[in-house]
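Hello,

Here is the structure for you to look over. My notes follow it.

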Amino acid sequence: MEPDILKRLYRQHVGVDASQIQELPSSGSNRRYFRLTGEQTLIGVLGTCCPENEAFIYLAEHFRDKGLPVPQVVAISDDRMAYLQTDFGDTLLFNAIEKGRKTAAFSVDERELLVKTIRLLPDVQFAGAVGLDFSKCYPAPQFDVRSIMWDLNYFKYCFLKATGLDFDEGRLEDDFQTLAKVLMRSQSSTFMYRDFQSRNVMIKDGEPHLIDFQGGRCGPFYYDVASFLWQAKAGFPQSLREELLKHYIDALRKYKPVDEDYFYEQLRHFVLFRIMQVLGAYGFRGYFEKKPHFMQSVPYAIANLKELLQKDFPEYPYLQEMLWKLVNLKQFSDDMQRRQLTVRVMSFAYKKGIPNDASGNGGGFVFDCRAVNNPGKYERYKPFTGLDEQVINFLEEDGEITVFLDHCNALVDASVKRYMERGFTNLMIAFGCTGGQHRSVYCAQHMAERLNRKFNVKVELVHREQNIEQTFESRAASTVADSGNLA
């Protein structure tokens with residue numbers, strides 16, 4: 001369909017011709033968008049599916065009646081294949097938070113936009129559902145087992161199979177059926193946006209406005225939360241997700257009481273489902289339609305999936321097994337390993353100088369252990385190091401070393417969490433004492449083991465003066481401590 005129909009609609013609605021018409025960049029759909037300027041600035045839409053257009057037109061009118069920030073449809077062609085709507089400008093939320101997405105360090109202004117958006121969501125889901133005729137939704141009136149299985153099979157055939165992984169179709173189907181049952185226990189009479197993510201939110205006058213909700217239907221509110229917070233390229237660190245989830249729950253309480261433990265547990269299943277659903281979409285667009293930019297999002301979705309799998313899904317044993325094989329495929333694991341944090345922990349003697357940072361990043365923490373009681377001044381400890389029981393007992397007996405390490409741990413933990421969230425790949429931690437034999441060795445050993453155990457990061461340990469090196473690899477399927485409710 002050519003944009004001439006949009007020019008005619010503009011003339012009919014405004015009374016004069018548009019001075020200019022410009023096609024806007026397309027998204028993943030087949031709809032075409034145009035900006036028409038003149039006495040008014042409007043957005044023209046050319047659809048390819050009449051029922052989809054009808055769904056958007058109906059929902060936009062209904063939501064505006066509820067006071068929700070959505071476009072107003074001002075003119076519609078006789079065949080319902082083209083329409084004009086109000087213009088919210090050019091700023092997608094996705095672009096407004098670009099600096100945060102790229103650095104995982106979100107500014108106050110970026111966080112404020114995200115908070116406003118997530119707090120708006122319950123209004124759409126609950127207030128937006130009041131009086132809504134779900135039979136007008138497209139392509140389905142509600143989220144049901146059939147639509148779940150469509151999405152899961154989309155993932156199975158368009159992504160999982162395309163990677164070359166062999167799988168047992170029957171066992172996978174059994175777990176898909178179980179997942180569908182778990183998801184359906186959250187069914188509610190709320191509006192499910194379906195694709196609630198930062199590319200479908202416009203920022204106008206500092207406030208979020210909603211677009212592209214034509215695929216919505218009756219369904220559980222968990223789905224939209226998972227879509228927004230686990231969007232592949234959103235780059236939200238876990239700490240920010242937790243903050244936004246608290247805001248969502250607070251806003252949700254306006255409409256219903258919330259059992260937080262159940263909420264977080266149920267949300268995990270929707271996050272799992274949503275990640276598989278988007279991987280299926282990426283696979284279809286990338287592998288089959290040969291659109292490479294969709295494949296660029298795959299590593300981000302795989303990283304989200306790997307993070308989620310850190311906590312078991314005992315309900316789906318075979319699916320979980322296959323997903324671990326998927327995230328560890330060489331084409332995905334190599335990319336993730338390049339972006340994973342390696343912590344280098346060293347012990348050294350001050351008289352031989354502070355160690356250089358081999359990564360070229362300029363070093364990190366250097367802790368001075370010389371204030372701690374020194375076993376080296378006693379003859380009986382001189383043959384031993386901080387790895388030996390005799391020295392360990394001496395250091396731990398008066399508790400000085402424990403208090404010292406507690407302070408070190410607090411500083412290092414905060415940095416490791418932020419380094420992981422921001423995708424940094426190297427951090428160096430060095431402990432120095434007089435001879436690099438007792439106190440520094442004890443501290444470095446304990447720090448290395450603890451970081452590997454707590455954060456599941458690769459740790460390279462070097463006791464420089466003892467000529468001892470040890471590597472603690474990250475564990476593929478272990479639980480990551482302190483990583484929030486959902487991972």
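Before you read on, two points about the source. This is a predicted model, in which local features need pLDDT of at least 70 and side-chain atom pairs count only at pLDDT 80 or more, while totals for chains, interfaces and linings use all residues. Residues are numbered from 1 along each chain as its sequence is written, and side-chain values use heavy atoms, with hydrogens and water left out.

Overall picture

The protein has 17 helices and 14 strands. Its C-alpha trace spans about 100 × 55 × 45 Å along the principal axes. Of the 487 residues, 53% are buried. Buried means under 20% relative accessible area, exposed over 50%, and partly exposed in between (1.4 Å probe, protein chains only). The accessible surface comes to about 21,800 Å², by the Shrake-Rupley method with a 1.4 Å probe. Carbon and sulfur atoms account for 48% of that surface.

Contact means heavy atoms within 4.5 Å. Take the contacts between residues at least 6 apart in sequence: 72% of them join residues at least 24 apart.

There are 60 positive and 64 negative side chains. Lys and Arg count as positive, Asp and Glu as negative; His and the chain ends are not counted. The centres of the two sets lie 2 Å apart, with each charge placed at NZ of Lys, CZ of Arg, CG of Asp or CD of Glu.

Helices

Back to α5. Its buried residues include Leu 113, Leu 114, Ile 118, Leu 120 and Leu 121.

Helix α9 (residues 238–252) has 15 residues. From first C-alpha to last it reaches 21 Å, close to the 21 Å expected. Among its buried residues are Leu 240, Arg 241, Leu 244, Leu 245 and Tyr 248. An α-helix has 3.6 residues a turn, so residues three or four places apart point the same way.

Nonpolar cores

A nonpolar core is a set of buried Ala, Val, Leu, Ile, Met, Phe, Trp, Tyr and Cys residues joined through side-chain atoms within 4.5 Å. The largest has 101 residues. Phe 263, Leu 279 and Leu 326 have the most contacts inside it. Helix α10 (residues 260–288) gives the largest share of this core, 12 residues. Leaving out residues up to four places away in sequence, Leu 279 touches Phe 155, Phe 159, Val 298, Ala 301, Ile 302 and Leu 305. A second, separate core has 33 residues, including Phe 394, Leu 395, Leu 427 and Leu 461.

Single residues

Met 192 is in strand β6 (residues 191–192). It counts as buried because its relative accessibility is 0%. Beyond four places in sequence, its contacts include Phe 143, Arg 217, Cys 218, Pro 220 and Tyr 223. Leu 387 is 195 residues away along the chain, and its C-alpha is 57 Å from that of Met 192.

Ser 440 is in helix α17 (residues 439–455). Its relative accessibility is also 0%, so Ser 440 counts as buried. Apart from neighbours within four places, it contacts Ser 347, Phe 348, Cys 369, Phe 431, Gly 432 and Cys 433.

Asn 95 is in helix α3 (residues 93–96). At 39% relative accessibility, Asn 95 counts as partly exposed.

Backbone points to check

- Tyr 138 and Pro 139 are joined by a cis peptide bond, with omega about 5°. Pro 139 is in the loop between α5 and α6 (145–160).
- Asp 212 is not a glycine, yet its phi is positive, about 50°. It sits in the loop between β8 (207–210) and β9 (217–218), and at 16% relative accessibility it counts as buried.
- Asn 456 also has a positive phi, near 55°. Its place is the loop between α17 and β13 (458–463). Asn 456 is buried, with a relative accessible area of 10%.

Best wishes

Notes:
Helix = DSSP H or I, 4+ residues; strand = E, 2+ residues; numbered from the N terminus. Expected span 1.5 Å × (residues − 1).
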